[in-house]
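Let's take a walk through this one, from its rings to its sheet and helices. Have the viewer ready.

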Amino acid sequence: MPSHDETSPVAPRAGSVGRPAPTRSRPTGGGGGQRPRPPAGGRARTTASRAGAPPRTAAGRGSGRPPGGKGPARPSGKPKGKGARSKKQRRKRRLKIAAGVMAGLLVLLGVFVGVVYASTEVPSPDSITNAQTTVIYYSDGQTEMARLGDENRTNVSLDQIAEPARNAVLAAENRSFYSDPGISFTGIVRAAWNNVTGGSTQGGSTITQQYVKNAILQNTEQTFSRKFQELFLSIKLDNNYSKDQILENYLNTIYYGRGAYGIESAANTYFGVPAAQLTAQQGAVLAVLIRSPSRYDPEVSPEDAVDRWERVLDAMVEEGWLTAEERAASTYPQVLPKAGSSLGIPSGPEGLIVQQVKKELVERYRYSDQQVDAGGLRITTTISKGHQDTAVATVNDVMQGEPENLREALVAVDPRTGGVLAYYGGATGTDFDFAQAQRQPGSSMKPYVLAAALDQGISVEARRDGSSPQEFPDRPGQEVVNSGGASCPACTLEEAITRSLNTTFYGLAYEVGPEKVREFALAATGMPEEWTIGGEPKKTLTSAEGLTGSSIGIGEYEMRPISQAVGFATFASGGIYRPAHFIVSVADSEGRVLLTNEGEPGEQVIRPEVANDVTYALKRVASWSDRPLDGGREVASKTGTQGLDRENNSDAWMVGYTPSISTAVWIGTEKREPIRDYRGRIIYGSMLPGQIWQQFMNAVLFNTPEEDLPDEPQIEGDTGEGVPAPAPDPEPTQTTTSSSTPSRTSTSQAPAPVDNDGDGVYSDVDPDDNDPNVPNAPRPVDNDGDGVYSDVDPDDNDPNVPNSQQPGSPELPGNPGGGGGGRPGDGGG
């Protein structure tokens with residue numbers, strides 16, 4: 001019997017055909033009717049098989065042909081061949097391998113999580129240091145400038161905290177605190193996504209996570225490793241301690257601003273009551289502060305504080321912790337004024353540096369107030385101890401005996417890095433910072449006007465009309481005048497900026513376009529497009545109406561001393577702007593470095609040839625203003641004086657640089673008042689500001705290599721509205737008289753007085769000009785303000801009477817490079 005019949009579903013072997021139908025053969029011989037015996041060792045074959053006859057079929061079944069045996073063979077309906085079956089098996093095999101790998105990874109991940117969780121130790125609340133001292137160092141990384149984190153803390157139990165205050169905190173920070181597992185899964189996913197995409201890192205943390213981050217880790221780094229630590233600690237803390245214990249420790253740990261750590265101290269600091277007596281409304285004020293004490297302090301930002309306070313109360317209503325009637329009757333509670341807690345900020349000038357360091361950490365590096373004040377940080381600043389000591393000593397020395405209403409600022413910046421080397425914004429570290437004051441720069445604005453002109457192909461050798469007074473099309477009926485009556489109808493721009501001619505630079509700003517000047521000033525200084533003046537937003541370098549006119553050329557619009565130091569540093573670095581910064585590095589209490597800033601590469605905001613020519617044009621200003629540096633050291637500088645009215649000035653500046661340091665000095669008052677020295681003289685840029693600048697620069701550059709400044713301009717020609725060079729003056733003729741003393745004519749001038757010993761008294765009235773300790777004769781006085789001294793003025797009380805042509809002192813109104821004045825808003829030299 002065959003192994004299978006004709007109807008078997010098993011597919012035939014490859015290349016076989018259907019079995020042929022058996023046929024009877026005619027018997028031969030003695031075989032009778034029996035079938036012949038198959039040969040040994042094989043299966044019998046039929047005659048039909050041997051003859052190649054077609055197999056027997058039943059209606060074509062079992063045959064590859066259609067009924068009738070005609071036509072081509074049909075495809076078999078049986079399973080696919082061996083090649084197709086192998087492809088499917090390979091796919092299944094790959095899927096099984098992938099599934100196995102994934103399962104293995106999940107097992108490994110589970111083991112890893114288990115091991116990490118088991119090995120994570122949660123410190124007991126009693127052992128956690130609630131606040132660590134943050135130390136701020138000078139640039140050497142060793143000399144301490146300040147220690148922050150003077151504690152104001154009283155720990156209380158949870159039942160000593162009013163329930164409405166607790167609910168306010170929960171409403172503000174974590175409504176689901178009592179039901180969540182200690183972590184926010186949506187917050188973790190959002191934080192992970194933002195970490196990858198560079199989005200915002202704010203929000204999403206539970207109270208448990210905040211407690212872990214602030215009290216245990218004391219680390220706000222937005223890294224996966226830190227997030228994993230926070231995750232495991234939060235889960236384990238939630239498993240090991242009750243919710244009440246966690247909330248109690250959190251409320252005793254959190255920083256509320258004004259030096260208050262914990263809710264008990266905060267209740268006393270802001271309301272003068274213990275935490276047990278806090279109302280829902282008072283609790284909401286404190287709850288708002290948790291997010292950002294510096295931003296939501298009602299004394300600092302009342303609108304922001306009230307807005308968030310209202311949202312906290314709304315959330316309390318939604319959670320059933322406050323009734324709608326109570327919410328409707330709620331008013332913002334009275335908050336006590338700031339008591340002046342220093343938090344370790346130095347009371348002297350360095351305190352203002354510490355304030356800037358804290359601001360940089362919060363605004364640039366996104367640290368929280370608690371991390372800065374109580375995070376145990378080790379902060380190295382850019383401030384050089386030697387430079388800072390020199391700045392303070394110089395200001396104190398020069399200003400000794402001067403009127404009490406005068407205020408000073410000095411900022412020195414390294415043009416190569418943007419690091420602030422010295423910073424003086426006032427004598428008191430917790431008062432107003434005058435290095436950040438928005439004041440009119442006067443003629444110290446003129447280098448930006450020159451840069452805009454150079455960029456348009458107007459060289460420093462181009463000539464412009466500097467005669468005085470002048471009227472301009474955008475200022476009808478209002479004359480622009482030069483300081484001290486100086487006039488030059490055809491000065492080069494180099495000469496005009498050295499002599500600080502207002503008419504030249506007002507006209508030049510009008511010619512190149514005030515907005516173009518504004519663009520250059522913003523690019524060089526890094527000032528924002530808009531800032532706040534008097535609590536109101538205002539477009540930078542514009543009038544009260546938000547417009548930029550040609551008055552920008554003579555310094556009518558406000559700038560900050562630190563901005564001027566940075567702007568001139570941009571010229572010093574060949575047109576590369578680098579933002580000012582105070583922080584070199586930050587490490588934690590164990591010395592692990594959290595961030596570094598060695599200075600940015602900077603951005604080329606002004607073409608190098610333009611910066612070169614601005615520096616070239618400013619090289620003679622210091623000598624012209626009688627403020628050269630020791631040893632003839634090359635320096636580029638500019639004085640600036642802002643006129644208050646026809647007789648008085650309100651602001652005086654001296655700004656200058658070498659390739660390694662840019663220093664800006666400002667003197668003014670808290671309000672725009674007349675500035676006069678102790679002798680009653682009007683103060684100009686080359687006077688007290690110039691003296692501070694010169695003394696500071698000489699001291700910090702002493703024994704340092706001299707640095708060359710450009711010897712020639714790179715931009716030639718004049719694409720603007722130039723004027724021809726003046727005709728040369730005729731040779732003077734000598735006149736003789738019978739007297740041995742030369743006679744004085746109406747065009748002759750007496751020699752300019754000189755102050756050799758630096759005691760502020762000229763040699764022509766100083767009996768011992770080389771010894772400042774010898775009593776001096778009285779200083780000459782100019783009573784009528786015409787720029788001529790009384791000792792050579794035949795009618796000093798009448799400026800209309802012709803006077804002898806005594807040249808003005810570098811510190812009095814007759815000097816071309818020494819000061820401004822003129823009409824209000826006209827700027828100055």
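## Rings, sheet and an enclosed helix

Tyr261 has a relative accessibility of 0%, so it counts as buried (buried means under 20% relative accessible area, exposed over 50%, partly exposed in between, with a 1.4 Å probe and protein chains only). Bear in mind that this is a predicted model, where local features need pLDDT of at least 70, side-chain atom pairs count only at pLDDT 80 or more, and totals for chains, interfaces and linings use all residues. Residues are numbered from 1 along each chain as its sequence is written, and side-chain values use heavy atoms, with hydrogens and water left out.

Back to the rings. Rings of Phe, Tyr and Trp (its six-membered ring) pair if their centres lie within 6.5 Å; planes under 30 degrees apart count as stacked, over 60 as edge-to-face and the rest as tilted. By that rule there are eleven aromatic pairs. Here are two of them:

| Pair | Centre distance | Plane angle | Type |
|---|---|---|---|
| Tyr255 and Tyr261 | 4.7 Å | 35° | tilted |
| Tyr448 and Phe568 | 6.2 Å | 85° | edge-to-face |

Helices here are DSSP runs of H or I with at least four residues, strands are runs of E with at least two, and both are numbered from the N terminus. Tyr448 is buried, at 0% relative accessibility, and Phe568 is buried too, with a relative accessible area of 0%. Both belong to one aromatic cluster, made up of Tyr448, Phe568, Phe571 and Tyr657. As for Tyr255, its relative accessibility is 4%, so it counts as buried.

Lys243 lies over the face of Phe177, 4.7 Å from the ring centre, while the charged end of Arg308 is over the ring of Tyr296, 5.8 Å from its centre.

Where's the disulfide? It runs between Cys488 and Cys491, with an S to S distance of 1.8 Å, and a search of the whole structure finds one (the cut-off is a pair of cysteine sulfur atoms within 2.5 Å). The torsion about its S-S bond is about 100°, so the disulfide is right-handed. Cys488 and Cys491 are both buried.

Now for the sheet. Five strands make an open, mixed sheet in the order E2-E1-E3-E11-E12, where two strands pair if DSSP finds at least two bridges between them. Its edge strands, E2 (144-148) and E12 (593-596), each pair on one side only. Inside the sheet, E1 (residues 134-137) and E3 (residues 378-381) run parallel over three bridges, and Ile136 has Ile379 of E3 as its bridge partner.

Finally, take a look at helix H8 (residues 263-271): eight of its nine residues are buried, so it is largely enclosed by the rest of the structure. Among the buried ones are Ile263, Glu264, Tyr270 and Phe271. The buried residues of H8 pack against helix H3 (163-173), helix H7 (243-253) and helix H9 (280-291), with contact meaning heavy atoms within 4.5 Å. Just after H8, Gly272 takes a positive phi of about 70°.

Note on methods
Lys NZ or Arg CZ within 6 Å of the ring centre and 35° of its normal.
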